[in-house]
Amino acid sequence: MANHPAQSAPFGSILAGQMAVAEYHDGAWGAFEVRPVAPLPLSPAAHVLHYGSTCFEGGKAFLHADGSVNVFRLDKHIARMIQSAHSLVLPEPNPEQLRAMVLAAIEHNRQEVPEAPGALYLRPMLIGTTPNIGAAATPSSSAMLMVLCSPVWDYFAGGAKPLRIYVEEHATRCAGHLGMVKTGGNYAAALGPTLAARKQYGADQVLFCPGGEVQETGAANFLLIREGHILTRSLDPSFLHGVTRDSLLRMAPDLGYQVEERVFTVEEMLEWVKTGEAALSGTAAVLSGVGTLLRDGQEIRVGDGNIGPNTQRLRAALVGLQQGIIPDTRGWLTRV
Ligand SMILES: Cc1ncc(COP(=O)(O)O)c(C=O)c1O
């Protein structure tokens, strides 16, 4: 589609007109409704505004050539949202209700789903609303669950530039036990180091490697790739368990790649990128190739500095499945 508004707008800056909303009071979720996006009636004493009781999700729905809209791995996003809520002692969404809210939000914004390579970005969010500024050590007993939608474009599509990634070996992205939780405070914590690396080194993102072990970037997982082989950190609570990461790793054997999930060091990564590839995976990043690592004032080229052929191949397989060009043999798409 030529000149779709989402094509030129920053990712997530345009909201579709309708949102789904449900509230939790007295130990139970009320029925949800779909209504126009508008400011929230929220007490300035709301728990979320003081004690950060919030978590969210980020998924995508894709318009297929047959006119259907298809959500990618909806169940996995719902499960992660519930796990995030549980970790933060927020009222846990009911999975069936959250699923119905996502589908209703898409249905009511159907006219705003861009054609490929655009998508409708889906943002379920949960906030603690109890008005009590003395509740630092008390969970919120009321909450609001919402699903926002945003037409987005694929920033990789127009010939993306290979990324410049700053290797951070001291600062952590967030508190160790909260890495696998998708909560606002983690992003606030990563912002300072990310802006500093952008200003000082012209870096696009920071790769957090506390203690010299490679973890993930501020908003995407990190994969080392070469012909027939993918290496990425094994799952632990220190980083977000990406749905894109999981999808790529599960598709990889069928595409001829052996998958290795284990802890690996910065030194090993530097050895790998002499000839191999590196990429960031995530709902927004899809699979974005890294061209340069920035470490100790040095610029280290990844492979030949361009987006590698294996990164492009894996990315094409994932996007093809999401966009309905390659058959969905795993039941990962939910048709709306
Ligand atoms: C910190 C972080 N890591 C990894 C990811 C990738 O996760 P997913 O593939 O589920 O989008 C994201 C994006 O949501 C993220 O914010």
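I count two residues as in contact if their C-beta atoms, placed from the backbone, lie within 7 Å. I work on a predicted model, where local features need pLDDT of at least 70, side-chain atom pairs count only at pLDDT 80 or more, and totals for chains, interfaces and linings use all residues. I number residues from 1 along each chain as its sequence is written.

**Entry 1: G289**

I looked up G289 and found it in strand 16 (residues 286-295). Strands here are DSSP E runs of at least two residues, helices are H or I runs of at least four, and both are numbered from the N terminus. I left aside the neighbours within four places in sequence; G289 is then in contact with P162, L163, E277, A279, I307, G308 and T311. Is G289 buried or exposed? G289 counts as buried because it has 25 C-beta neighbours inside 10 Å. The cut-offs are 20 or more other C-beta atoms within 10 Å for buried, 12 or fewer for exposed, and partly exposed in between. I also checked G289 against L235: they are 54 residues apart in sequence and 22 Å apart in space, C-alpha to C-alpha.

**Entry 2: helix 8**

I then took helix 8 (residues 309-322), which has 14 residues. Its first and last C-alpha are 20 Å apart, close to the 20 Å expected at 1.5 Å a residue. That expected span is 1.5 Å times one less than the number of residues. I listed the buried residues of helix 8 as N310, T311, L314, R315, V319, L321 and Q322. They lie on the same side of helix 8, because they cover an arc of only 160 degrees around the axis. The arc is taken from the directions from the helix axis to the C-beta atoms. These buried residues pack against several elements, including strand 12 (221-226), helix 6 and strand 16. G324 follows helix 8 and has a positive phi, near 80 degrees.

**Entry 3: ligand shell**

Which residues come nearest to the ligand? Of the 13 around it, I noted G242, V243, T244, G282 and T283 as nearest. A residue is near a molecule if its C-beta atom, placed from the backbone, lies within 6 Å of it. Helix 6 (243-251) and strand 15 (277-282) are the elements that give two or more residues to this shell. Helix 6 gives the most, with three residues.

**Entry 4: domains**

I read the domain assignment, automatic or from a database, as domain 1 (5-152) and domain 2 (163-322). Their contact takes 18 residues from domain 1 and 13 residues from domain 2. On the domain 1 side, helix 3 (74-87) supplies the largest share, five residues.
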